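Let's take a friendly walk through a protein model. Have the sequence and the 3D view ready, and follow along one part at a time.

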Amino acid sequence: MKTLIQNGTIVNAGASVKADLLIDGAVIKEVRAAIPASAADKVVDATGLLVLPGGIDAHTHLDMPFGGTNSADDFETGTRAAAIGGTTTIVDFAIQSKGTKIRSALDTWWKKADGKACIDYGLHMIVTDLPDAGLEDMDDMVREGVASFKLFMAYPNVLMVDDATIFKALKQTAKNGALICMHAENGSVIDVIVRQALAEGKTAPIHHMLTRPTKAEAEAVHRAIAMAEIAGVPIYIVHLSSEDALNQVREARDRGLPAFAETCPQYLLLSLEDVADKGWEGAKYVFTPPLRERKNQPKLWEGLRQDNLQVVSTDHCPFCFEDQKALGKDDFTKIPNGGPGIENRLQLLHHHGVGKGNFSINRFVELVSTAPARIFGMYPRKGVLAAGSDADLVLWDPSEDYTISAKTHHMRVDYSMFEGFKVRGNARDVYSRGELIVSGGKFIGKAGRGEYLRREARGGAWK
Ligand code: URP
Ligand code: ZN
Ligand code: ZN
């Protein structure tokens, strides 16, 4: 089956061109002006539309156990919502249970996705337990296409690992080429502040935010980058939320270190001030790192412009307000950490990034698709519209007005962090490996069609 997308504007990270795009089966055959209609079985008129590489969300948590419950979207509902929003690839996180081999976590997450994923998915591996004898298990994962590992410097006694473990894991990536993704917050310091707050009877959601200072994030970012520098490997900081933390990344990059970082729409668009008077409803915004003071936001936008932040992902980790966030009604430390966003990333970034003049449409594509493809070992199969790449693409209507709401969204969660946000720009049609899976904003694909992506461990050679 050959599909010709005619008269659109092809937008890649490097340039935008008026051209046609021919899909042949699952891949892009050609991108050039004036491809004749006779070359295709089907012709789609994209006049007035932008043709974008499918979005890549490199940070999602579907069906993830946390605090006695599981994130509300599974691989079916989560990837369907992602597709409707213009995302055609996710990289989710498998979690090693303490005392078990990481291989069994990979099997568990493959089972979670099997028969459910609507778009292609890769997996990072969260390592919680790494005895010396387990270091080579990381290499085994790399052979399975798990080209990145997440380590936690926060959540003591649950997910946090010590500096020795972090350093050993970093050194192992010098051998196997994988990338360490770091949740950078000083968990031990935060734990002391949290215990103190609880002892003072401070149990409301706002105390989740007030007990996690930006300096605890910056300190951990600094330490993580320093350990990576000693080990001689790159590092990627996940969900960076504050100016203090960003300064650490910038300082490292100015010295030429391969330090990379992502931020998320919630840190760019929501703030501590927005939720300060929400009372219990503030539980909807309990995630880690927490929302920061509004003054951080322009610094994060600047970080995106100046390439000190390379990626925008969602950290999609939804818990229903009614019955899951309620687990922490009397104690903010028991509120499951996470918020929903997988569906709205492109809309929010397009409107507030491109629409408000923060960056170009090409930088938008780079942030939401090309850079994650490169950094996480999927490029050029994903993240670019070019001959030979997977035909993952979005026909994007830059002038469609849309209002975000839990009443109309497709994520399986009973609230939206961006309720009532008005955006201009939306996905009209979405193709995944050449198959039309979203038509006119409606999902028409099949659950289970998404494939596991074996990603390449690039050893830091992504530029
Ligand atoms: O609060 C968050 N971010 N939940 C998901 C787990 C993580 O740390 O990314
Ligand atoms: Zn994290
Ligand atoms: Zn996360």
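This is a predicted model: local features need pLDDT of at least 70, side-chain atom pairs count only at pLDDT 80 or more; totals for chains, interfaces and linings use all residues.

Now find helix α12 (residues 345-355) and helix α13 (residues 361-375), whose axes come within 10 Å. The two axes cross at roughly 145°, and the crossing of α12 past α13 is right-handed.

Which residues of α12 and α13 meet? On the α12 side they are R345, L346, L349, H350 and V354. Their partners in α13 are I361, F364 and V368. Sorted by class, this contact holds six nonpolar residues, one polar residue and one charged residue.

## The zinc ion, ligand 2

Next, turn to the zinc ion (ligand 2). Which residues coordinate the zinc ion (ligand 2)? They are K150, through its NZ atom, H183, through ND1, and H239, through NE2. The distances run from 2.1 to 2.2 Å. Along the chain, the donors of this zinc ion follow the spacing K-x32-H-x55-H.

H183 has a relative accessible area of 1%, so H183 is buried. H239 is buried too, because its relative accessibility is 1%. There is also another zinc ion to spot: ligand 3 lies 3.9 Å from ligand 2.

Finally, go to strand β1 (residues 2-11). How many of the ten residues of β1 are buried? Eight of them are, which leaves the strand mostly covered.

Strand β1 pairs with several others. With β2 (residues 16-24) it runs antiparallel, and eight bridges join the two. A hairpin of four residues connects β1 to β2, and L4 has L22 in β2 as its bridge partner.

The pairing of β1 with β4 (residues 42-45) is parallel and has four bridges; here Q6 is partnered with D45. Strand β5 (residues 50-53) also runs parallel to β1, joined by two bridges. In that pairing, I10 has V51 as its bridge partner.

How values were computed
Residues are numbered from 1 along each chain as its sequence is written. Chains are lettered from A and ligands numbered from 1 in the order in which they are written. Side-chain values use heavy atoms; hydrogens and water are left out. Donors are N, O and S atoms within 2.8 Å of the metal (3.2 Å for Na, K and Ca); water is not among the atoms, so sites may look incomplete. Buried means under 20% relative accessible area, exposed over 50%, partly exposed in between (1.4 Å probe, protein chains only). Axes are lines fitted to C-alpha atoms, for helices over the stretch in contact, and angles run from 0 to 180 degrees between N-to-C directions. A crossing is left-handed if the near helix is turned anticlockwise from the far one by less than a right angle, and right-handed if clockwise. Contact means heavy atoms within 4.5 Å. Ala, Val, Leu, Ile, Met, Phe, Trp, Tyr, Cys and Pro count as nonpolar, Asp, Glu, Lys and Arg as charged, and the others, Gly among them, as polar. Two strands pair if DSSP finds at least two bridges between them.
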